[in-house]
Amino acid sequence: MAQAKTTLLRDAIAEHVHDGDTVALEGFTHLIPFAAGHELIRQRRRDLHLVRMTPDILFDQLIAAGVARHVTFSFAGSSVGSLHAFRRALESGAVSYDEYSHYGLLARYQAGAAGLPFFPIKSYAGSDLVDNNPSIRAMRSPFPESMGEDVYVVPPIHPDVAIVHAQRADRHGNIQAWGITGPMQEVTFASKRTIVLVEEIVEDELIRADPNRTVIPSFVVDAVVQVPYGAHPSFVQGRYDRDNGFYRNWPAISKDPARLQAWLDEWILGTTDHTEYLAKLGADYFAPLTPVPALSGAVDYGCVA
Amino acid sequence: MSSVREYTSSELLAVTSARLLPDRRRVFAGIGLPTLAVALAQATTAPDLELIYESGVCGAHPTRLPETVADASIVTGAESVLSMATLFGYVLQGGHVNIGFLGAAQIDRVGNLNSTVIGPYDTPSVRLPGSGGAAEVIANAGEVFVVLRRHDPATFVDRVDFITSSSRHTANGRSPSHHVRGAGVTTVLTDLGLMRTGDDGELELAAVQHGVTPADVIAATGWTLRARKSIEVIPPPTEAELNLLRTSIDPKRVYLR
C-alpha cells in the first residue's frame, strides 16, 4: 500500500488544479464536491474547461465566479428550475460548450478510463445532437452477425483533474462510497490526477473489512481530503440529507446577477475555507437534515486460514 | 371547456396518465408528474409496476415523496442500486425497460421531442437543460409516453426547433442503418386529450379529456391534428383517485402545483 495521501483542501487544489486545466467534478445529485468548487472560486482559478454530466448549482456558482472558459455536460437543469448564470453564459456565448446525452458523456469517461479510442452507444439515431457535435460520429459494425448496422461512437475524455466526494477513505486513498455513485469510478480512471473529498478518513482496518465497498482504489488517487459536510447543499447518504431549501432558494439568487455576486462575496470569497462556511451556516444547521440510521447487515468475507 | 372542475390540471394529468400504465411492466421515469402517475398506478390498477430511476435505483421503497431522481429516500430500503454504466448500458440499452416517460418543451407532428433550445442552436432564444437521459430512453425503451403540462401551438409545433429525442419515424428516415430498439413516442397526454401515433408515425387525436371537444384540441395544436374516426372521452378523475393523490401520495403538494 502506498504512502499517505491525506492533505488539506487548499493544498490539494493549489497543487493539482492549474489555470486552463480540464476539470471534471462528478457526483450524480448525490456526493457533489461543492467544497472543492468553492475552493476553486477562492483560489480564483481561470479558464477552466469544466466537465460534469449534470452541472447543477455547482456550475452556476463556478460560472458566475468567472472560473470557466468551456463546459461539457449532458443535462443542465436542477430539480427546482433553471440554472440562470449557466444559461446566461451559454446564451450570450461568454462560455463555450459541447453537450451529450447522459450515456454519451458517461461513454466518454468509459473510453477514457479503459484506454479506448472510442466507445459505441445506440443513442442518437435521428437526433440533431449529431449535427451539432462533431464528437458524435457514426460507425459501421465490422462483424458478419451485425453486418451493415451503424452505431454512434464518442471519443475518450481525459480530464487533467477529477474531483469527487465520498463517504470515507483510508489515508492511502482507498475510497468507499455507497448509495448513488454516478460516474465517479469512470471519471477517476479517465483523469490524469484525482482529488477525493471524504466525510471521514478512517483506519485501514475498517476499509479492509468491506473491500467490495471500495469504488476507487488508492493507486488512482493523488490527494484525499477530509471535508465533513463538503457536499452541502447536495447530500451524503447516511450522513446528511439534501438541503432542498437551499435548492429552492437558489433560482431567485441566480436570476439576478448582482444578487448572485453578493452571494459569492458573502458565502465563498468572504469565508477563508469550508470550516468557516459551515460556521456561517450555524451550529444546528444540519440537525433537520440528519438521517434516521439504516445500517447495512454485515456480510462475511471469511476464508480458511 | 367544462364549467367548474373539482380538480387541478396537475391532478387531471397525474390521474389520467396513471391509468395508461399497464401492470407488470418496467417504467423508466423522471421526477414530477411521472412520479405521481407511477405511485398512483401502483396504488390502484398496477401493483406490480416496476419503476427504474435514472440514478440506477431499481425497486425503490421510499417512505417520503422523492424530490429528485437521486433522492436519499429512494436508496434507503431499495432492492438495488446499480452503477450508471450498468443502468444505461445493460438495463436501458440492454432492453429491460418497457415504457419510458418523457417531458419536453416542444413536440412535433411525428413525435420528435425538443428539450435542448428554442431558436437556432448556436444563438438560442432560450437554452433548455438538454438531453439528460432522454436520447437513451427514446432509443431503447420499448415505447415512450409523453406527458405535457401545456397544450398550445408553441408546444405542439409542426417542426421542433431541435430534435433532442427523435421519433422512430425520423430515426428510420435519417439513419436507416441504425437498428433502433424502441418504438419511440406512442402516446402523448395533456390536459386536453390523448394522442397516439398512427401507422405512418403521425400523431392522431385518440381521446379528449372530460369536458373538452376535439375542436378544442385541434385549435390548441400548431399543425392540423388528424383525428381518429372514433374519439373517446376520458372519464374524469374519481374521488378515490383524487383522495389517494391528495392524502397519501403528495399531501404536501410538491408536484400537484
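Helix H1(B) passes helix H2(B) in a right-handed crossing, a crossing being right-handed if the near helix is turned clockwise from the far one by less than a right angle, and left-handed if anticlockwise. The model is predicted, with local features needing pLDDT of at least 70, side-chain atom pairs counting only at pLDDT 80 or more, and totals for chains, interfaces and linings using all residues. Residues are numbered from 1 along each chain as its sequence is written, and chains are lettered from A in the order in which they are written.

**Helix pair in chain B**
- The axes (lines fitted to C-alpha atoms over the stretch in contact) of H1, residues 9–18, and H2, residues 33–43, come within 8 Å and cross at roughly 50°.
- H1(B) and H2(B) are therefore oblique to each other, the class left after under 35 degrees (roughly parallel), over 145 (roughly antiparallel) and 65 to 115 (roughly perpendicular).
- On H1(B), the contact (heavy atoms within 4.5 Å) is made by B:Ser10, B:Leu13, B:Ala14, B:Val15, B:Ser17 and B:Ala18, and on H2(B) by B:Leu33, B:Leu36, B:Ala37, B:Leu40 and B:Ala41.
- By class, this contact has nine nonpolar, two polar and no charged residues.

**Interface of chains A and B**
- In chain A, 51 residues are in contact with 45 residues of chain B.
- The area buried between the chains (accessible area lost, 1.4 Å probe, summed over both) is about 3900 Å², of which carbon and sulfur atoms give 56%.

**Confidence**
- Chain B has a mean pLDDT (the predictor's confidence in each residue, from 0 to 100) of 94, and 98% of its residues reach 70 or more.
- The model scores ipTM 0.95 and pTM 0.97.

Definitions and conventions. Heavy atoms only, no water. Axes fitted to C-alpha atoms, helices over the stretch in contact; angles between N-to-C directions. Helix = DSSP H or I, 4+ residues; strand = E, 2+ residues; numbered from the N terminus. Nonpolar A, V, L, I, M, F, W, Y, C, P; charged D, E, K, R; others polar. Buried area = accessible area lost by both parts, 1.4 Å probe.
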